[in-house]
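Welcome, and please open your viewer.

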Amino acid sequence: MTATDKTAAALAPVARVLPLLPVAHLDRAFDYLVPSELDEQARPGVRVRVRFSGRLVDGYLLERLDTSEHDGKLAWLDRVVSAEQVLTAEVRGLVDAVAERYAGRRADVLRLAVPPRHAKVESEKSAPVPSPGSPEVDRDVWSAYRHSVNFLEALAGGRGPRAVWQALPGEDWCARLAELAGAVAASGRGVVLVVPDQRDLDRLVRSCESLIGAEHVVGLAAGLGPSARYRRWLAALRGTARVVVGTRASVFAPTPDLGLVVVWDDGDSSLSEPRAPYPHAREVALLRAHATGCAMVLAGHSRTAEAQALVDSGWAHDLVAARDVVRARAPMITALADSEQALARDPGARAARLPAIAFGAARQALSAGAGVLVQVPRRGYIPSLACAKCRAPARCRRCNGPLSLPAGTGSDIAGSPTCRWCGVADANHRCHACGARALRAVVVGAGRTAEELGRAFAGFEVHTSGGSDVKSEITSGPKLVVSTVGAEPVMPGGYGAALLLDGWALLGRADLRAAEETLRRWMTASALVRSHGDGGQVVVVADSGFPTVQALVRWDPVWHARAQLAERAEVGFPPAVHMAAVDGSGAAIAELLELAVVPDSAEILGPVPLPPGERLPFSSDEPEPENVERMLIRVPRTAGRALAKGLAEAQAVRSARRSTGPVRVQVDPLRIG
């Protein structure tokens, strides 16, 4: 370096840059010198390119400094990719908080928060848009919920109230959320509305556009093309769109002066990010509301234990209707053998998949010219088979995969079962446990159900919704709609009846959240049915003795959430505690736990085999370990941050050592085992 170069370096300003590096031990900021020609463009929040370890990498400029604390030689900033300040100070703080909460890397969180750049879109000019006018809020509808008037006044007044809203059955929740968004946007503040899937997004966007104006609303989803997604994201960043409606990643939307964040149906697993560090949109929204002081609403027909914990702690308030209003709005819900008279009339009801009360409700609705919704847990024809004698799962003799019965094999289980993994038919199947040939259906899919109902109700249309053919809406009329859970189409005016089949298959899952998830699915479908006063009926094919069934019959998700929270507190499961799941080979897990400085209150459980259905904790180019285990670490809620910090630091040490064997760390995962 010449004397001139040394003088230039001594006088050059310094930029603190976060390089996007794929290793945990380098997840920190580094100082770089800013050349004079880049001085004007190099502002906090812009994308930059820097040289790191001999190669050019992408990064974000975090802040400008007069001098650096680094004693050694500093490299020069290579270039500013774009002058657009895409990483705002508020989102940067949120990224740091999420990485800390989930023991992850900031580079991974930034990948979720900031979409890839599209240069042509970025060069487009954005015209300023004035704030929308105050919307018409239907206060008569809102008055059904206790404390709703005070909540609306607080929103309009610029304050930050926090609430858990229990939407009534039949409620036009899209219109209600649009009214909340409009009230906040009218004051010049931003709004972020997060929904689980594209169907909900489309409905909510239409409601917001009709109430607030299309120029003030953008919809963000992963399914958009790169240019469309970046254009809408820039509209949120530049403040030309005050209201952002999107799926899970939109919780990071860089809306200026955020006034309200809403998460609809926070129990839906789609709101949990499947990529590291695996954040849940609800938790990200909580961190954002806490940091900014904005208003927050968790809303849905059902309620999670996490939402109830917020209410019990006083962090959020209840927005619920009085019990007499709930009874007036809910359909009549009947469970199996909910009375001795019903059991006497239909002695086989407990064993039947479609008992007489279900057929009766369907006939009554169809005769009145109304539609019937039939909810089944699985799509397909007969997606799961078992031995009719010993009930052992039917497995393929070639690859040990599960056998299923394809469509078109008739009304009885008499066709050739086919492996779902290798596709080979096994006409001479014998049970591996007892040698019997007969098979029985474990779960009957939507295809087989539609076929059976078509024969039972000849003359009526039968529609299916699920898999790759999900219907958002279906026309009114006397028809049967067979849908998988989560794919129920909306019928204008509501369904006349709903049949919730195979309840035992949902409640019997070996999952911590089985009861909570089952009630959420049932209530989502039941909310599409007309009220009892208008003839609406719901038949749930499950034993009325289960608390989850009782909560549905009474339409009392708050009671169920409190019970779930109390049960988890008693046995020590989230949200009563914080729990980290560490997945990998036995040697890799042992090394991580040896390096991790965990709180003294930590309790280590396991190891156990990786739960079925969980993705393996390594990429395709890494060697596959012989066996993959899971270790659980449980700490009190007050020690959650210390646990995440200890695990993150241990991951950084393993990365610096270049330890072999991947390890996946998930804090408060949806599936524990």
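Start by selecting Ser68. Leaving aside residues up to four places away in sequence, Ser68 touches Val14, Asp31 and Leu74. You will find Ser68 in the loop between β4 (55-65) and β5 (77-80).

Before the next stop, take in the whole chain. This is a predicted model. The chain has 21 helices and 26 strands, and buried residues make up 53% of its 673 residues. Among contacts with a separation of 6 or more, 73% are between residues 24 or more positions apart.

**The cores**

Select Trp233, Phe252 and Leu647 together. Of the 68 residues in the largest nonpolar core, these three touch the most other members. Helix α9 (residues 226-238) gives the most to this core, with 6 residues. Now show what surrounds Trp233: not counting residues up to four places away in sequence, Trp233 touches Val86, Ala113, Val114, Pro115, Leu220 and Pro254. Another core, of 66 residues, lies apart from the largest one; Leu201, Ala299, Ile474 and Ala542 are among its members. As background, nonpolar side chains in soluble globular proteins tend to be buried together.

**The loop between β10 and α10**

Next, select Asp265 and Asp266. Asp266 lies in the loop between β10 (258-264) and α10 (281-292), and Asp265 has its place in the loop between β10 and α10 as well. Then show the neighbours of Asp266: beyond four places in sequence, Asp266 touches Leu271, His280, Arg282, Leu298, Ala299, Thr304 and Ala307. Ala299 also belongs to the core of 66 residues.

**Two cis peptide bonds**

Move on to Pro574 and Pro575, which are joined by a cis peptide bond with omega about 5°. Pro575 lies in the loop between α19 (557-571) and β23. Then select Gly606 and Pro607; the peptide bond from Gly606 to Pro607 is cis, with omega near 10°. Pro607 is in strand β24.

**Where α20 meets α21**

Now select helix α20 (residues 586-595) and helix α21 (residues 640-657), whose axes come within 8 Å and cross at roughly 120°. The two helices are therefore oblique to each other, and their crossing is right-handed. Show Ala588, Glu591, Leu592 and Leu595 of α20 with Leu647, Ala650, Gln651, Val653, Arg654 and Arg657 of α21, as these make the contact. By type, the contact residues divide into 6 nonpolar, 1 polar and 3 charged. Leu647 is one you have already selected, in the largest nonpolar core.

Stay with α20 for a moment. Its buried residues are Ala588, Ile589, Glu591, Leu592 and Leu593. What covers them includes β23 (577-584), β24 (603-609), β25 (629-636), α21 and β26 (663-667).

**Last stop: Arg658**

Finish at Arg658, in the loop between α21 and β26. Arg658 is not a glycine, yet has a positive phi of about 60°. Is Arg658 buried or exposed? At 76% relative accessibility, Arg658 counts as exposed.

Methods
Residues are numbered from 1 along each chain as its sequence is written. This is a predicted model: local features need pLDDT of at least 70, side-chain atom pairs count only at pLDDT 80 or more; totals for chains, interfaces and linings use all residues. Side-chain values use heavy atoms; hydrogens and water are left out. Axes are lines fitted to C-alpha atoms, for helices over the stretch in contact, and angles run from 0 to 180 degrees between N-to-C directions. Helices (H or I, at least four residues) and strands (E, at least two) are DSSP runs, numbered from the N terminus. Angles under 35 degrees count as roughly parallel, over 145 as roughly antiparallel, 65 to 115 as roughly perpendicular and the rest as oblique. A crossing is left-handed if the near helix is turned anticlockwise from the far one by less than a right angle, and right-handed if clockwise. Contact means heavy atoms within 4.5 Å. Ala, Val, Leu, Ile, Met, Phe, Trp, Tyr, Cys and Pro count as nonpolar, Asp, Glu, Lys and Arg as charged, and the others, Gly among them, as polar. A nonpolar core is a set of buried Ala, Val, Leu, Ile, Met, Phe, Trp, Tyr and Cys residues joined through side-chain atoms within 4.5 Å. Buried means under 20% relative accessible area, exposed over 50%, partly exposed in between (1.4 Å probe, protein chains only).
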